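Colleague: Hi! Could you walk me through this one? I'm still new to reading structures.

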Amino acid sequence: MLTVASFNVNSLRVRMPHLTGWLKSAAPDVVLLQEIKCLDEELPRMEIESLGYQVSAVGMKARHGVALLSRAKHTVELRALPGDDTDEQARYLEAVIHVPAPHDRPVRVATIYLPNGNPIDDAEKFPYKLRWMDRLIRHARELLKREEIVVLGGDFNVCPTDEDVFDVHAMANDALCQVETRQRWREFVNLGYVDALRALHPSGRHYTFWDYQAMRWPRNEGLRIDHLMLSPQAADLLEAVGIDKEPRKLERPSDHTPVWVRLAA
DNA sequence: ATGACAGTTGAAAACTGA
């Protein structure tokens, strides 16, 4: 049994008390973090390791940044999404988790912080998002050839369908919901990756993000943009999935909350 | 239509995010 969780912390240093409390209570085996908003050397490495996790990160100053925590040892395989050597934004980290015997099939995971893309009429931002999605599709296709247990998880900044949006009209001009965004999302899914949450909860409102503004959290007006995507070999092992709302209830929370899967791995 | 919140930077208000 292996649990993999994804959590956009919106600043790791600010959210360390929340993260450590959540690691102790939820006790996930693998954690994919986004928006750590710090350089690698600024990571609170000792504090994380003292809780029993190996930690790797791709950080940058002030913005973005992803990290990967695992109880079992892991080996970093990629520190950037292939396909554009000029892209310097810290948005991707891929590793192999060496799950101990008797369940010793390796598990490949990636933590993903897909570009937001707003505003959609900006000359750079939305095209960058779409190009990044095209790169992700190409790489995800390559990964499938390995026939491994793969979990691609993170803040994808995509609302796959209208059911993943609290108010379609309020989000009509948002990059997260555009036709071009959703077309690429389906292309990714149609490669053979299973959206873990929708596999076990095909319908219904299951949000992972609530804007800090306009009373979105108390009104439960959110978005489902954090996803755990499973290769067929991982989907075979899917036992449970959930969104853990507890961290979002705390004082000074992230605007996201964790999503997790349990695999029979 | 705008800004509402929050974090970072760097020393105030600008930039970014979703």
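Modeller: Happy to! One idea to start with: an axis is a line fitted to C-alpha atoms, for helices over the stretch in contact, and angles run from 0 to 180 degrees between N-to-C directions. Also, keep in mind that this is a predicted model.

Colleague: Okay, so at what angle do the axes of α3 and α4 cross?

Modeller: Roughly 5°, and the axes come within 10 Å. Helix α3 covers residues 125-144, while α4 covers residues 179-190. Angles under 35 degrees count as roughly parallel, so α3 is roughly parallel to α4.

Colleague: Which residues make the contact?

Modeller: From α3 you have Leu130, Met133, Asp134, Leu136, Ile137 and Ala140, and α4 brings Glu180, Arg184, Glu187 and Phe188. By class, six are nonpolar and four are charged, with no polar ones.

Colleague: Switching topic: what is the strand order in the open sheet?

Modeller: The six strands go β3-β4-β2-β1-β12-β11, and the pairing is mixed. At the edges sit β3 (54-58) and β11 (238-243), each of which pairs on one side only. On average, neighbouring strands are turned by 15° against each other, ignoring direction.

Colleague: And how many bridges join β2 to β4?

Modeller: Five, and these two strands run antiparallel. Strand β2 is residues 30-34 and β4 is residues 66-70. As one detail, Leu33 stands opposite Ala67 in β4.

Technical notes. Residues are numbered from 1 along each chain as its sequence is written. Chains are lettered from A and ligands numbered from 1 in the order in which they are written. This is a predicted model: local features need pLDDT of at least 70, side-chain atom pairs count only at pLDDT 80 or more; totals for chains, interfaces and linings use all residues. Two strands pair if DSSP finds at least two bridges between them. Helices (H or I, at least four residues) and strands (E, at least two) are DSSP runs, numbered from the N terminus. Angles under 35 degrees count as roughly parallel, over 145 as roughly antiparallel, 65 to 115 as roughly perpendicular and the rest as oblique. Two residues are in contact if their C-beta atoms, placed from the backbone, lie within 7 Å. Ala, Val, Leu, Ile, Met, Phe, Trp, Tyr, Cys and Pro count as nonpolar, Asp, Glu, Lys and Arg as charged, and the others, Gly among them, as polar.
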